[in-house]
Amino acid sequence: MRGFIIGSVLNIPPNRIHTASIVFVITIFMLFLTIVTAPFKALFIAHENIVFIAVVDTIDSVIKLALAISLLHIQADKLLVYSLMMALILLLNLLVYATFSLVKYEECSILVHKKDINKLYLFQLIGFAGWTTYGMGAVAGRNQGTAIILNHFFGTVINAAYGISFQVFGAISFVVTSIMNAINPQIMKAEGGKDREKMLMLACKECKFSASLLSIVVIPFLFEMPTILGIWLEEVPTHTALFCRFVLVSFIFDQTTLGLQTANQAIGNIRKYTLLTYTPKLLYLLIIWLMLKHGCSVDSIMWCYLFIEIYVAAQRVPLLKKEAGLSIKQFGTQVISKIIPVCLFECVCCMICQSLVKGIRFSLLITLVITIMTGIISAWFFTLTSEEQLYVTNTLKK
């Protein structure tokens, strides 16, 4: 498999094939580490120990930043060194999560006793893990498969642009991770307590909060993407801004209904949901292959990417209406109508700022500050309810 992909599918210079083969093996090892770490991290989320996760993620980010800076001064093969160091960081994450889980939580044990095995729960867990793996594999397959297809048709330069877009995505996605980690256990607990109404209410709140907060941060970046990339990178690969914008806009649409995914997991109907919402992501690979075969442009395949993400996000609403009794009208009133004003105000503010401060020194900083402040103010008045405003006020006072 490794020889076929590297030798026949990917467009790699002959002098880099050996390094690419080593990196391929390291990447598979990194995937294994990520899968093994997931249950330990899930244990901390289940216990709502968000502080520990935040500390580990912060240290992880600092180490990765130090690694990126150190690459500037390393004379060895930078790609190989980077791959090895990233694998070591993931291994360190696994050791930290596993060690603290074994020490802190009594239900976590290396040895499994026969009396602890419940066949019913075991089969349910296998089914849940299987369909979840299919879903995550579909996302990974879509993302990495797109990179392979782009490489096949356009070469390595466009891969750099595509890779940078997902680096930007990864840097911004932390904005909503904390919200999801905080609310997801409450959604599970409410469904476990047979309180379906509260479960759906929390799922809608997660959709509203995560999409609104993400919009506040992302929209100014969308307008200023070429400038930001120019500051960040010495040479900006062609199509980088295009990829970044489409990926981030798709992310906003995905967040508007992502809380419903947690609600679906809580009620346990994994198979149907996974097939309906993740299969289109895999079909995307076939679609763009055919599109590029017939001479379509990079812009067209990214429009296809966006449309499929919107379709998947929209599918969650009728599915949860059928499976859990979600009111579509209520979802529109409590979620969609609360997000739209924030997006509109920020877009208008960005356009005004760009026309007024263009060419002025620190124009980027001025635009970002004013637009984000506009988003926060509009979210206060249009997104938060009076009870939520009171809660925020009391929290800030404390």
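Contact here means heavy atoms within 4.5 Å. With that in hand, take A379. This alanine touches I216, V342 and L384, not counting residues up to four places away in sequence. A379 is found in helix 14, residues 363-383. With a relative accessible area of 11%, A379 is buried, because buried means under 20%. A379 and I339 lie 40 residues apart along the chain, and their C-alpha atoms are separated by 8.0 Å. The model discussed here is predicted.

## The nonpolar cores

In soluble globular proteins, nonpolar side chains tend to be buried together. What does that look like in this model?

The largest nonpolar core has 24 residues. Those with the most contacts inside this core are L150, Y162, F243, Y284, I301, M302 and Y305.

M302 is one of the residues with the most contacts inside the core. Leaving aside neighbours within four places in sequence, M302 is in contact with L242, F243, F246, V247 and Y284. A second core is separate and has 23 residues. I179, L320, F331 and I339 are included in this second core.

## A buried isoleucine

I288 sits in helix 11. Is I288 buried or exposed? I288 is buried, with a relative accessible area of 0%. Leaving aside neighbours within four places in sequence, I288 is in contact with T146, I149 and I301. I288 and F243 are 45 residues apart in sequence, and their C-alpha atoms are 15 Å apart in space.

## How the helices pack

Two packed helices are described by the angle between their axes and the distance between the axes.

| Helix pair | Axes come within | Crossing angle |
|---|---|---|
| helix 7 (residues 196-223) and helix 9 (residues 240-255) | 8 Å | roughly 165 degrees |
| helix 10 (residues 258-267) and helix 12 | 10 Å | roughly 30 degrees |
| helix 10 and helix 11 | 9 Å | roughly 150 degrees |

Start with helix 7 and helix 9. Their axes cross at roughly 165 degrees. Helix 7 is therefore roughly antiparallel to helix 9. The crossing of helix 7 past helix 9 is left-handed. From helix 7, the residues in contact are C207, S210, A211, L214, S215, V218, L222 and F223. They meet R245, L248, V249, F251, I252 and Q255 in helix 9. Sorted by class, this contact of helix 7 with helix 9 has ten nonpolar, three polar and one charged residues.

Next come helix 10 and helix 12. Their axes cross at roughly 30 degrees. Angles under 35 degrees count as roughly parallel, so helix 10 and helix 12 are roughly parallel to each other. Helix 10 passes helix 12 in a left-handed crossing. Helix 10 brings L258, L260, Q261, A263, N264 and I267 to the contact, and helix 12 brings R316, V317, L320, E323 and A324. By class, the contact of helix 10 with helix 12 has seven nonpolar, two polar and two charged residues.

The last pair is helix 10 and helix 11. These axes cross at roughly 150 degrees. Helix 10 is therefore roughly antiparallel to helix 11. Q261, N264 and Q265 in helix 10 meet I270, Y273 and Y278 in helix 11. The residues of this contact divide into three nonpolar, three polar and no charged. Q261 and N264 of helix 10 also take part in the contact with helix 12.

Most residues other than glycine have a negative phi, and most peptide bonds are trans. Which loop holds K194? K194 lies in the loop between helix 6 and helix 7. Its phi is near 65 degrees, a positive value in a residue other than glycine. K194 is exposed, with a relative accessible area of 75%.

H239 has a phi near 75 degrees, again a positive value in a residue other than glycine. H239 lies in the loop between helix 8 (225-232) and helix 9. With a relative accessible area of 31%, H239 is partly exposed.

Notes: Residues numbered from 1 in each chain as written. Predicted model: local features only at pLDDT ≥ 70, side-chain atom pairs only at ≥ 80, totals over all residues. Heavy atoms only, no water. Axes fitted to C-alpha atoms, helices over the stretch in contact; angles between N-to-C directions. Helix = DSSP H or I, 4+ residues; strand = E, 2+ residues; numbered from the N terminus. Parallel < 35°, antiparallel > 145°, perpendicular 65-115°, else oblique. Left-handed = near helix turned anticlockwise from the far one by under 90°. Nonpolar A, V, L, I, M, F, W, Y, C, P; charged D, E, K, R; others polar. Core = buried A, V, L, I, M, F, W, Y, C linked by side-chain atoms within 4.5 Å. Buried < 20%, exposed > 50% of the residue type's maximum accessible area, 1.4 Å probe, protein only.
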